[in-house]
Amino acid sequence: MARKKVALQYIRNDSTRLNTLKKHTKNMMKKGSEVATLCNAKACVLVYGEGTTVPEVFPSHAKAVAILNRFKSIPEVPQLKKTMNQETILSKRLVQLRHQVEKIRREREDREARILLHKAMVSGHLPGNIEELTTMAWKLELILKSVGERITERSGLPPVYQAHAPYVTGGMDMGSPMYKALQQQHEG
C-alpha cells in the first residue's frame, strides 16, 4: 500500500513532531551508514533534536569530530569550474537581460521602420518628421543592401546596390534619389 505524501511544514502537535524526528533521525543515520559502506566514504550525521543538549551522532562522537576537523582543514579552493558566488551569478544575469533588452529594442525599431515604409508606400506621402525620415532611410538602406546581396549571390554579377556616404544636410546634393525626393517634397 502506497504512503500518502506528507506536506513539508512545521508539525504543530508535540508528540507527532517528536515521533517524526525520531523516525527521520533513525533513517538519516541509516543513510549515512549506507553511504559510508557502499562508497567507502567518510560520512557523519549530526542531528540536534528539539530540547536536547547533545546531538545524535553517526558513527560516533570521536569519529564525527575527526571527520569534521578534516573537513575544516581542507583549504578553500579558489574557484572550481562551475562554482560561482552571488555577485557573479547576478552580473551574468544582468548581461543576459541587457542583451535581451537590446534585442527587443532593435526589433521594435525594425518594426517601426517597416510600419513607416508601409504607410509611405500605401499613402504615397513621406512623413514630415526628420526622425521618421531617418528611420525610413535606414530601413531602406538595409533592404536595398539585402536585395543587392541576394541578386549578387544568385546571378554572380557585381553588386547592384552600393551604400552611400552618410547623409549631410544643408542644401548639398547628396546624389541619393531618396534624398532628392525628400528635398523636392519639402520644397513643393
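The following conversation takes a predicted model and asks what lies behind the words used to describe it.

Trainee: What should I keep in mind about the model before we start?

Mentor: This is a predicted model, in which local features need pLDDT of at least 70 and side-chain atom pairs count only at pLDDT 80 or more, while totals for chains, interfaces and linings use all residues. Residues are numbered from 1 along each chain as its sequence is written, and side-chain values use heavy atoms, with hydrogens and water left out.

Trainee: How many helices and strands does the protein chain have, and what makes a run count as one?

Mentor: The protein chain has five helices and two strands, and its pattern along the sequence is α-β-β-α-α-α-α. Helices are DSSP runs of H or I with at least four residues, strands are runs of E with at least two, and both are numbered from the N terminus.

Trainee: Why is Thr25 called buried?

Mentor: Buried means under 20% relative accessible area, exposed means over 50%, and partly exposed is in between, with a 1.4 Å probe and protein chains only. Thr25 has a relative accessible area of 4%, and is therefore buried. This residue lies in helix H1 and, leaving aside its neighbours within four places in sequence, is in contact with Val47 and Glu56, where contact means heavy atoms within 4.5 Å. Across the protein chain, buried residues make up 15% of the 188 residues.

Trainee: Which peptide bond is cis, and what is its omega?

Mentor: The bond from Phe58 to Pro59 is cis, with omega near 0°. Pro59 is found in the loop between strand S2 (56–58) and helix H2 (61–73).

Trainee: What makes Arg17 and Asp14 a salt bridge?

Mentor: Side chains of opposite charge can pair when their charged atoms come close. The term requires a side-chain nitrogen of Lys or Arg within 4 Å of a carboxyl oxygen of Asp or Glu. In the pair of Arg17 and Asp14 the closest N and O atoms are 2.5 Å apart, and the pair therefore meets the rule. The two are three residues apart in helix H1, and so are separated by about one helical turn. Arg17, at a relative accessible area of 13%, is buried, whereas Asp14, at 47% relative accessibility, counts as partly exposed.

Trainee: How do you know that Lys31 and Glu34 form a salt bridge?

Mentor: Their N to O distance is 3.6 Å, which is within 4 Å, so the pair counts as a salt bridge. Lys31, at 53% relative accessibility, counts as exposed, while Glu34, at 30%, counts as partly exposed. By this rule the count comes to eight salt bridges. In helix H3, Arg108 forms one with Glu112 at 3.1 Å, four residues apart, or about one turn of the helix. Glu102, Arg105, Arg106 and Glu109 are linked in a network of salt bridges.

Trainee: Why is H3 called roughly perpendicular to H4?

Mentor: Two packed helices are described by the angle between their axes and the distance between the axes. The axes of helix H3 (residues 86–123) and H4 come within 9 Å and cross at roughly 95°. That makes H3 roughly perpendicular to H4, given that angles under 35 degrees count as roughly parallel, over 145 as roughly antiparallel, 65 to 115 as roughly perpendicular and the rest as oblique. These axes are lines fitted to C-alpha atoms over the stretch in contact, and angles run from 0 to 180 degrees between N-to-C directions. Among the residues making the contact are Leu116 and Leu117 of H3 and Trp138 and Ile143 of H4.

Trainee: What makes Ile143 partly exposed?

Mentor: Ile143 has a relative accessible area of 33%, and is therefore partly exposed. This residue lies in helix H4 (residues 130–155).
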